[in-house]
Amino acid sequence: MRAGTVVRATALVAACVVATTTLVSAFLGDLPVDVSPVPMISDTFVRAPASYVARAGVAAVACLLLVTTLLVRSFLKAFACQDGSRKDAAFWRRVTECHSCVGAAAALALLVVAAVNDRENLPAHFAAASVFFIGTWLWHLCVFVQLCAHRSVTDAKSLQWKCVCVVISGVSLAAFFAMCGVSLARFYEPIALCEWLAAVSIGGFTWSLGGELDGNAAGSAFAESIRAPPIPGRGMSLGSVWRGRAPDEGELLDVLVASASDE
């Protein structure tokens, strides 16, 4: 299985889970339409049977997001750190480790969101959701900056798309927390709209990472490393590990192998 498939599956499963809980809740009349015609995403997680889908589905998304974070970390350390001086390479490896920890923390926070809905414990749910949204946005921002600094592993269209997603999610989250700080009841509908917009843009950014991991960026160093044109079906694969020397270092580095698998 290609790593890019796992990344896209993360965004796809998340979309399917939220779509299912929303449709089920709407069909059963469990959405707070008397408060706002636009529900919070968490409003669709509260009542059974939608709550069962949410607990299992969001937990699965959290696990997939954690794997995605590790896959992106391996990709960046192997292909987006070493094209410079030894000092620059060491700097970007540290940057990769730092923002990967932030992304992993965001994924773990999503597990809490899955386990505790806002009717059971609103402070815990809101805190975990805040860590997820802010942590994921920071991780995406850092990945975007690192890709901008290493253009050989990506392409202009991918960067443009990621830039749009980062800006939209950042503005949406800023408005979300600003209005929450003033009055949740007063601004319920625009707050809900900001949450949906942030979730969609985060999903769009995550989906787009599959292009880099598949080696589809035109002329990318990754595509050249697998000695094949940047076409679908070739890229980082799961189930095999390359153990070799890290760039400009004497230590050994474990990264997922860049294989030419057609799976």
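These legends describe close-up views of a predicted model.

**View 1. Salt bridge between Asp 214 and Arg 8.** The closest N and O atoms of Asp 214 and Arg 8 are 2.8 Å apart. Asp 214 lies in the loop between helix H6 (188-213) and helix H7 (221-225), and Arg 8 belongs to helix H1 (residues 3-27), so the pair ties together parts that are 206 residues apart in sequence. Asp 214 has a relative accessible area of 1% and is buried.

**View 2. Salt bridge between Arg 55 and Glu 120.** Here the closest N and O atoms are 2.4 Å apart. Arg 55 sits in helix H2 (residues 50-79) and Glu 120 in the loop between helix H3 (86-115) and H4; the two are 65 residues apart, and the pair links distant parts of the chain. Arg 55 is partly exposed at 31% relative accessibility, and Glu 120 is partly exposed at 47%.

**View 3. Salt-bridge network of Arg 73, Lys 77 and Glu 97.** Salt bridges link Arg 73, Lys 77 and Glu 97 in a network. Within it, the side chains of Glu 97 and Arg 73 meet at 2.9 Å, N to O. This pair connects helix H3, which holds Glu 97, with helix H2, which holds Arg 73, across 24 residues. Glu 97 is partly exposed, with a relative accessible area of 27%; Arg 73 is also partly exposed, at 24%. The structure holds six salt bridges.

**View 4. Nonpolar surface patch of Val 102, Ile 134 and Leu 138.** These residues make a patch of about 200 Å². Ile 134 is part of helix H4 (residues 122-149). With 39% relative accessibility, Ile 134 counts as partly exposed.

How values were computed: Residues numbered from 1 in each chain as written. Predicted model: local features only at pLDDT ≥ 70, side-chain atom pairs only at ≥ 80, totals over all residues. Heavy atoms only, no water. Patch = residues over 30% accessible without salt bridge, like charges linked within 9 Å, V, L, I, M, F, W, Y side chains within 5 Å. Areas by Shrake-Rupley, 256 points an atom, 1.4 Å probe, with all protein chains shown as cover. Salt bridge = Lys/Arg side-chain N within 4 Å of Asp/Glu carboxyl O. Helix = DSSP H or I, 4+ residues; strand = E, 2+ residues; numbered from the N terminus. Buried < 20%, exposed > 50% of the residue type's maximum accessible area, 1.4 Å probe, protein only.
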